[in-house]
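Dear colleague,

Please find the structure below, handed over for your records. A summary of what was found in it comes after.

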Amino acid sequence: MTKENKNSNEEHLVVYGDRSELHTQERISIYYEGYQNAETQARYRKLNRVLGEGYLEKKYNEIDTVDLSELSEENKQLLRKLVNGVTSEVGRALVGVAFLQLTIKSIVPEQSIRLHKGTTRNGSFSWVNGISMRTLDASYNTPFLRQYGLLNVNKFGVFMTRSLAENYPYSKLYKAEMKGPFTEWIDIVDALENGSMQADLGLSFLMILLKNRSDSFQQSAEEAIALVTKHKKDSFSTIKKLLVKFYNETEYSARAFEVVMHGFMQAMQEEHRLGDYQVVPMSQMRSANKKHGNVGDIELQDGKIIVESWDAKYGKPYLRDELEELNDKILSSPGVKLAGFVVDREPDLRKEIRDRMEDITSMTGVEIKIFSFDQWIDWLTAGITTRLDQLGYKWLIAVVESFGQKRPDMAPIDEPCDDWIADLIRILE
């Protein structure tokens, strides 16, 4: 039950004999104590049924194909901070309960995830609209997290942490002493309760973050990084052939192609080959460039102004529609001096394409180029007469470390990376 709060702008919790009232700037939420009502019992039965039918396992098996573009960057950052707040000593219980709360909201959006206790039995504390999160966790949540190696938690469940069991709603005013990313956890709870975070997308994203942080993935990433040293004396040409082989043979070649290109620009920056320009961190897969204010997949900036942009186009040599989209983006980014496309094969440069490129340049003053991957690399390395092999080695390091989740600031890859790392190991061995 909620009603508008017109009396105070300061968030506070009022506890009565039969209820608690959570006062926020938006509303007053009233949580009555007592046996579960019929509606809550029905929701609880649905949760048990759906989870018992393998909901989490099915969702986990589909995370490679989930479109996360509608999950806001603010919410992604909240979930990243939650996971990054885990250490060997603290934080795992908070991540585990957040995982359960996202699951609950994904299945029954109308269920409050502030109310973690609910029963129809005598002698136990209960909210009328509460559910037993401890039982759900022990039955489904913790076994799933442990089975898939996503979170090393006590086999008896995350609610063995007694601080999570206080008889108060989960909010910023929850006073039990917490260690770990408490603020991020409660911000996620608030976002789920006010509808600003889509629970199903948040759950998929958290699965991906935990998968990329798992012990087995970290071991594989370290193995791949160690294998890079075998190629320290390889020529630039040999390194390029290895990376071409990788993006052509791996799954999701389009994304791999983009990361290989971005990794090359990272190496160019590390070798001080970009002058005053800086590489812009990589954008997320399936994030529309225009929607996120990007001109292309790989961008260089002078200060805060995008001056150069390249779009990776794997398996698409004919780019007439893409030229029109590029024209629109350029008009919204007046600082761009050079923009183009890089294709994994020979691009289709029929007359209509060349004419349109010239038209865009004439109208905007922006130099437009369409290259094959080989042409792009040759164009960028033209004139480099020293340390070319060193550039190639740093390129390989950048690509492997990007997929290995070792460059989260420059390459925040939020897709599962285990298959890419496995393919890199196979190719580097």
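Predicted model: local features only at pLDDT ≥ 70, side-chain atom pairs only at ≥ 80, totals over all residues.

Residues are numbered from 1 along each chain as its sequence is written, and side-chain values use heavy atoms, with hydrogens and water left out.

The C-alpha trace spans about 80 × 50 × 35 Å along its principal axes. The chain holds 15 helices and 9 strands (DSSP runs numbered from the N terminus: H or I of at least four residues for helices, E of at least two for strands). Of its 429 residues, 53% are buried, meaning under 20% relative accessible area with a 1.4 Å probe, protein chains only. The accessible surface (Shrake-Rupley method, 1.4 Å probe) is about 20000 Å², and carbon and sulfur atoms account for 46% of it.

Contacts are defined as heavy atoms within 4.5 Å. Among those between residues at least 6 apart in sequence, 71% join residues at least 24 apart.

I298 counts as buried because its relative accessibility is 0%. Beyond its neighbours within four places in sequence, I298 contacts E258, M261, H262, M265, E308, S309 and W310. The C-alpha atoms of I298 and V280 are 7.1 Å apart, with the two residues separated by 18 places in sequence.

With kind regards

Terms used. Buried < 20%, exposed > 50% of the residue type's maximum accessible area, 1.4 Å probe, protein only.
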